[in-house]
Amino acid sequence: MAIDYVGEGARAAKLQRLLGTRLSSMLLRHWRNRSVRISSELKERLQRDYPVKLLPGREPRFKNFADRVDYLTIKDYADPRLREAMRTCGAGTFLYCSGGRVPAAVFEEGFRILHIHPGVVPHVKGSDGLLWSMLAREKPGASCFYMDAGIDTGNLIATAEYAMPRWPGLNAAPDVLYEALIHCYDPHLRASLLVDVLKGPGRNGDGDLASLPASTQVHGGGHYYTMHRLLRDRALSRLCR
């Protein structure tokens with residue numbers, strides 16, 4: 001099931017009143033994709049070592065990778081249509097790779113939700129995990145766990161850390177480089193960990209992902225919030241030396 005988040009705010013609400021949910025979501029999706037402005041050279045530089053090249057600004061063609069794709073357009077994660085679709089789609093385990101806080105009501109349904117987080121928990125929880133990992137642990141990382149109602153506190157399945165990236169002489173404005181990392185670098189790290197989990201020991205022969213070996217996270221660690229612009233720019237500059 002591919003979920004499209006329409007978004008909130010005055011513009012989204014006005015469009016929905018004028019055009020309805022379906023048309024307004026298509027227009028909002030178009031604007032969202034056009035807002036991703038990353039040069040071809042920058043995309044290529046950040047993804048040079050990866051066989052699959054991501055193309056931010058283009059909608060993924062999910063049907064190329066799955067026999068069945070159900071599309072759902074919702075207002076936000078609290079939209080009751082989300083839980084209804086999850087109850088009736090025939091799956092019991094879901095993959096969550098977005099940001100934001102999932103309402104506690106979703107977890108009351110008994111769903112199993114796999115999350116690939118940009119940072120090794122419990123050390124790096126919260127927002128901007130990629131950059132905080134680079135500063136706090138001096139290497140990017142990722143974690144796979146079953147989500148719960150807490151902030152990155154679910155039962156832990158696997159973690160991985162990677163070599164610190166360097167792109168000497170890379171000339172990109174901080175805002176552009178930040179977007180490029182989010183769209184063209186971090187997804188490769190998280191996808192690599194997910195592939196390892198799917199192929200690793202403990203995978204049931206029937207394809208069930210609801211009971212992978214997992215352990216309770218230890219208490220403590222770091223809770224991080226959206227990185228301040230000045231600190232973010234300083235962290236990004238280190239990657240280009």
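**Group meeting: a walk through the predicted model**

Let's start with charge. The protein chain has 34 positive and 25 negative charges, and their mean positions lie 6 Å apart. Lys and Arg count as positive, Asp and Glu as negative, with His and the chain ends left out. Each charge is placed at NZ of Lys, CZ of Arg, CG of Asp or CD of Glu.

Some ground rules. This is a predicted model, where local features need pLDDT of at least 70 and side-chain atom pairs count only at pLDDT 80 or more, while totals for chains, interfaces and linings use all residues. Residues are numbered from 1 along each chain as its sequence is written, and side-chain values use heavy atoms, without hydrogens and water.

Now the fold. The protein chain has eight helices and eight strands. These are DSSP runs, numbered from the N terminus: helices are H or I with at least four residues, strands are E with at least two. The radius of gyration is 19 Å, close to the 18 Å from the globule rule for 241 residues, so the chain is as compact as a globular protein of that length. That radius is taken over C-alpha atoms, and the rule is 2.2 Å times the number of residues to the power 0.38.

How much of the chain is buried? Of the 241 residues, 39% count as buried. Buried means under 20% relative accessible area, exposed over 50%, partly exposed in between, with a 1.4 Å probe and protein chains only.

Next, the rings. There are four aromatic pairs. Rings of Phe, Tyr and Trp (its six-membered ring) pair if their centres lie within 6.5 Å; planes under 30 degrees apart are stacked, over 60 edge-to-face, the rest tilted.

Take Y77 and Y96. Their ring centres are 5.8 Å apart and their planes at 65°, so this pair is edge-to-face. Y77 sits in the loop between strand 2 and helix 3, Y96 in strand 3, 19 residues apart. Y77 is buried at 19% relative accessible area. Y96 is buried at 10%.

Then W167 and Y185. Here the centres are 5.5 Å apart and the planes at 90°, so this pair is also edge-to-face. W167 lies in the loop between strand 7 and helix 6, Y185 in the loop between helix 6 and helix 7. Both W167 and Y185 are buried.

Last stop, G220. Where is G220? G220 is in the loop between helix 7 and strand 8. G220 is partly exposed, with a relative accessible area of 41%. Leaving out residues up to four places away in sequence, G220 touches P122 and K125, contact meaning heavy atoms within 4.5 Å.
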